[in-house]
Amino acid sequence: MGVKNEFFLLILLSCFPLAAVSQVMTPAPLPYGPTPGENQLRWQQMEYYAFVHLSVNTYTDMAWGLGNEDPHIFNPKELDCRQWARICKQAGMKGIIITAKHHSGFCLWPSKYTEYSVKNSPWKGGKGDIMREMADACKEYGLRLGVYLSPWDRNHADYGKPEYITYFRNQLTELLTNYGDVFEVWFDGANGGSGYYGGANETRKIDRDTYYDWKNTYKLVRTLQPNIVIWNDGGDRADLRWVGTEAGYVGETNWSLLNATGDVPEDMLRHGLENGNTWVPGEVNTSIRPEWFYHPKEDSKVKTLPQLMDTYYHSIGRNGTLLLNFPIMPNGLIHEKDEKAVMEMAQAIKNVFAVNLLKGAKAEATQVRGSDQRFAADKAVDEDNNTYWTTDDHVTTASLTMNFSKPVSFNRFLIQEYIPLGQRVKSFTVEAFVKGEWKEITKGTTIGYKRILRFSTVHATRLRLTITDSKSVPLISNIGLYNAPQILAPPSIAREQSGDVRIVAADVESQLYYTLDGATPTLKSNRYTGPIKTGDGKVVVKSIAYDPVTKNSSAVSEEKFDIARRHWTIAGIQDTNVYQVLDGNVSTQWYQDKNSKMPVDLVIDLGKEEQISGFRYLPEQNWWATGIITRYHFFVSQDGQQWNLADKGEFANIKNNPLWQSKTFSTVKGRYVKLQALGNTLNDNVVGYAEVDIITH
Ligand code: FUL
C-alpha cells in the first residue's frame with residue numbers, strides 16, 4: 001500500500017473507529033499538529049538529489065554572472081545531460097534540479113521572452129535547448145526533474161519594475177509547461193542589487209517579500225504543476241525551507257515546522273520551530289566543491305569522502321533531504337573528480353547500510369497501543385515505513401528492547417517516525433547491554449522522517465531505545481543498526497606566518513606522511529613529526545593520514561601556499577590580535593574597531609617589494625559571523641603613501657557561502673597592499689577577517 005493510501009486509511013480509521021472496522025481493532029492515533037502534504041511526503045522520501053549549476057559565468061570563472069556577459073561566450077561543446085543523469089542515478093540520487101536561469105539572467109532554454117539565452121549562443125548554432133536535453137535525460141534514467149529560476153535577474157531591463165513580474169511568470173510558465181513533470185521549483189533569495197539591467201548598469205533594490213507577489217506566483221506554479229514542491233528562502237512561506245547555510249548541514253534538533261507567517265531567523269532555519277503551525281521541512285543544499293559554479297582552481301578542492309559522509313549524516317541523517325551540487329565545466333560535463341567523489345560516497349553509503357543488524361532481532365516494547373498486533377514492537381524492525389510501533393494515548397515515554405542471538409558490533413543507529421501523522425518525538429536515548437549492564441551509547445532530540453546517529457563501535461547482546469519525551473504518543477516506523485567501516489579523514493594543512501607548515505590529523509591514532517614536491521604521498525614519503533620549515537617561497541604540500549592498525553590510508557589533502565608572510569606587518573593597528581589575520585589559522589579572526597565607518601582599510605607592509613597579481617580574503621568561518629565584506633577596493637603602493645587601485649569588485653555569494661575569495665589582476669610591483677572594505681552583508685560598519693593573503697606572480 002502506498003503512503004498516500006495508508007495515510008487516508010489511517011485518517012479514516014481514526015475518524016470512524018467503531019463504524020468502519022470491527023470493534024476489536026484499536027484506533028490509530030490521531031494526527032498531531034501540522035502534517036506533511038502529499039507532495040511534501042513524496043519529496044521527503046526522495047532523500048537525495050542533485051543540483052547542476054551552469055550559466056554564462058561558467059565561462060568567466062565567477063560565482064555570479066553580472067548580466068552583461070556576451071551570450072557568445074556560452075559554448076558547452078561537449079554538453080551531455082545524459083552524463084549528468086547517469087552519474088546522479090549511479091550515485092543513488094532521485095532527481096536533478098537545473099539552473100534554468102541563474103542571477104545572470106541567461107536562459108538555458110530558448111525562452112520566447114528574451115534574447116538572452118542559448119538561442120543567441122554558438123552552442124548548437126543557437127538551436128539547442130538544455131532544458132529539453134535535461135528533461136529527456138531525466139526521463140531516460142528514471143530521475144525527477146527540478147527547476148531553479150532565479151527571481152533576481154541582472155540582465156533584464158525591467159528588473160525592479162512591475163513589468164518584470166509578468167516576464168518572470170511567463171518564463172515560469174514556459175518551464176513548467178513544456179518539459180513534463182517538475183518535482184521542485186527553486187526560488188533563490190539572493191538579490192545583490194547591482195546589475196547590467198539592459199544597459200542601465202545600476203543598483204536596484206526590491207523588497208523580497210512583496211515585489212514578486214509570491215501568493216499569485218505560487219498559485220500559478222501549483223496550477224501548472226499540481227505535484228510540485230516550492231522552495232523559497234524569502235517571501236511567503238513555501239513548501240520547503242532553506243536550512244540557513246550552504247555548508248551542508250541542518251541542526252541536530254530539526255523540526256519540520258515553522259509558523260505560516262513572520263520572520264524566520266537563522267537559528268530557526270537550522271532547527272525549525274517546535275510548535276510551528278505549518279509543515280515546512282528543511283532541504284540541505286551544498287556543493288561537491290566549495291563553489292556552486294565551476295572554477296578550475298577548485299579541481300583540488302572536491303570534497304573528500306569523510307566530508308561528503310559528514311554531509312550525508314548531517315542532512316539525511318538529521319531529518320533533511322540532501323541537494324548536492326555539481327558545477328558543470330565549460331565543456332558541458334561534470335568533472336571526473338566530482339564523479340569519482342560522488343561514486344565513492346555512494347559506495348560508502350551502501351557499505352554502511354548493507355546489513356541491518358536488527359533484521360530478525362526479537363523486539364519487545366514496554367507498551368503497545370491496545371496490545372494490538374498492528375502497533376507492536378516488531379513493526380519498528382520490519383523495514384516497512386508504512387507500519388509503526390506506538391503506544392496508548394497519553395503515553396509519551398516508552399522503550400523498545402532488541403535481543404540478539406549472539407553479540408554484535410555496531411556504530412550507527414537509524415530511526416524514523418511515521419510522519420504522515422505529524423512529527424512528535426522530542427528526545428530519545430539508545431543503550432547497549434555490555435558486559436552485563438546497560439550503558440547509554442548515544443542520545444538524540446528530534447527524529448522526524450529519518451535520524452541517524454554515529455558513535456564509536458560497541459559490542460553488545462542487547463539494545464534499548466527509550467523515547468524519553470514526545471509531544472504525543474510516539475510513532476516509530478523503523479529502526480536500524482549498522483556497523484560502518486572506518487573512513488580515515490585526510491589531514492588539514494596550514495602555513496603559519498613564520499612560513500612553517502603544520503599538518504593535523506583528524507584522529508589521534510593516525511600517522512601522517514607528506515611531500516613538498518607535488519608528488520602523491522605514500523608510506524615511503526616523509527613522516528610528519530612536527531612543523532615543517534619551508535622557507536619564504538611558494539610551496540605545495542600534499543599529505544595523507546595512515547592508520548597502522550587497520551592499514552587504511554586517507555585520501556590526499558593538498559594546499560598550495562604563496563610566499564610566506566614571515567616579514568609582513570600590519571600598519572597603524574595597536575591591537576596585536578590583528579596578526580590572527582596572517583596566522584594561517586582559519587578558525588581565528590580579527591575585527592576592526594567597531595566605531596570605524598565604511599570604507600575601512602587594512603594596510604599590510606610586505607617587508608619588501610613583490611610582484612603582486614592578486615589577493616585572497618577569508619571571512620570568519622562561524623555561522624554567526626558578522627563583518628563579512630561584500631564589496632572592496634584593493635590598492636598597491638611602493639611607499640605606503642601613493643596608492644594605486646589594482647582591483648575593485650564584489651565577493652559574490654559570500655553571505656551564504658563564506659569561502660576563500662580569490663581575486664586576480666595584472667601584475668603590479670609594490671611593497672604595501674591595502675584591502676578596503678566598502679560594504680558588508682549586514683549593511684553596517686563591522687569589518688572582520690579570518691585571513692588575508694596575496695597572490696604573487
Ligand atoms: C545561492 C546563489 O546565490 C548561489 O549562486 C547558488 O545558486 C546557491 C544554490 O544559492 O543563494
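**Exercise 1: Helices α4 and α10**

The axes of α4 and α10 cross at roughly 25° and come within 9 Å. The model is a predicted one, in which local features need pLDDT of at least 70, side-chain atom pairs count only at pLDDT 80 or more, and totals for chains, interfaces and linings use all residues. Residues are numbered from 1 along each chain as its sequence is written, and side-chain values use heavy atoms, with hydrogens and water left out.

Task: Describe how α4 and α10 are oriented to each other, and classify the residues of their contact.

Solution. Step 1: axes are lines fitted to C-alpha atoms, for helices over the stretch in contact, with angles running from 0 to 180 degrees between N-to-C directions. Helices (H or I, at least four residues) and strands (E, at least two) are DSSP runs numbered from the N terminus. Step 2: angles under 35 degrees count as roughly parallel, over 145 as roughly antiparallel, 65 to 115 as roughly perpendicular and the rest as oblique; α4 and α10 are therefore roughly parallel to each other. Step 3: Gln83, Arg86, Ile87 and Gln90 of α4 make the contact with Glu339, Val342, Met343 and Ala346 of α10, where contact means heavy atoms within 4.5 Å. Step 4: this contact of α4 with α10 comprises four nonpolar, two polar and two charged residues. Here Ala, Val, Leu, Ile, Met, Phe, Trp, Tyr, Cys and Pro count as nonpolar, Asp, Glu, Lys and Arg as charged, and the others, Gly among them, as polar.

**Exercise 2: Helices α9 and α10**

Task: Determine the orientation of α9 and α10 and the classes of the residues between them.

Solution. Step 1: α9 (residues 305–315) packs on α10 (residues 336–353) at about 60°, the axes being 10 Å apart. Step 2: α9 and α10 are therefore oblique to each other. Step 3: from α9, Leu305, Leu308, Met309, Tyr312 and Tyr313 meet Ala341, Glu344, Met345, Ala348, Ile349, Val352 and Phe353 in α10. Step 4: the contact of α9 with α10 has 11 nonpolar, no polar and one charged residues.

**Exercise 3: The ligand**

Task: State how many residues surround the ligand, and give the distance from Asp188 to a ligand oxygen.

Solution. Step 1: the ligand is surrounded by 14 residues (a heavy atom within 4 Å). The closest are His53, Trp64, His102, His103 and Asp188. Step 2: a polar side-chain atom of Asp188 lies 2.7 Å from an oxygen atom of the ligand. For His103, the corresponding distance to a ligand oxygen is 2.9 Å, and for Asn656 it is 3.0 Å.

**Exercise 4: Backbone geometry**

Task: Which residues does a cis peptide bond join, and where does Tyr197 lie?

Solution. Step 1: most residues other than glycine have a negative phi, and most peptide bonds are trans. Step 2: Met598 and Pro599 are joined by a cis peptide bond, with omega about -5°. Pro599 belongs to the loop between β28 (590–591) and β29 (600–618). Step 3: Tyr197 has a positive phi, near 45°, and lies in the loop between β5 (194–195) and β6 (202–203).

Terms used. Polar contact = N/O pair within 3.5 Å; in protein donor to acceptor, adjacent residues only side chain to side chain.
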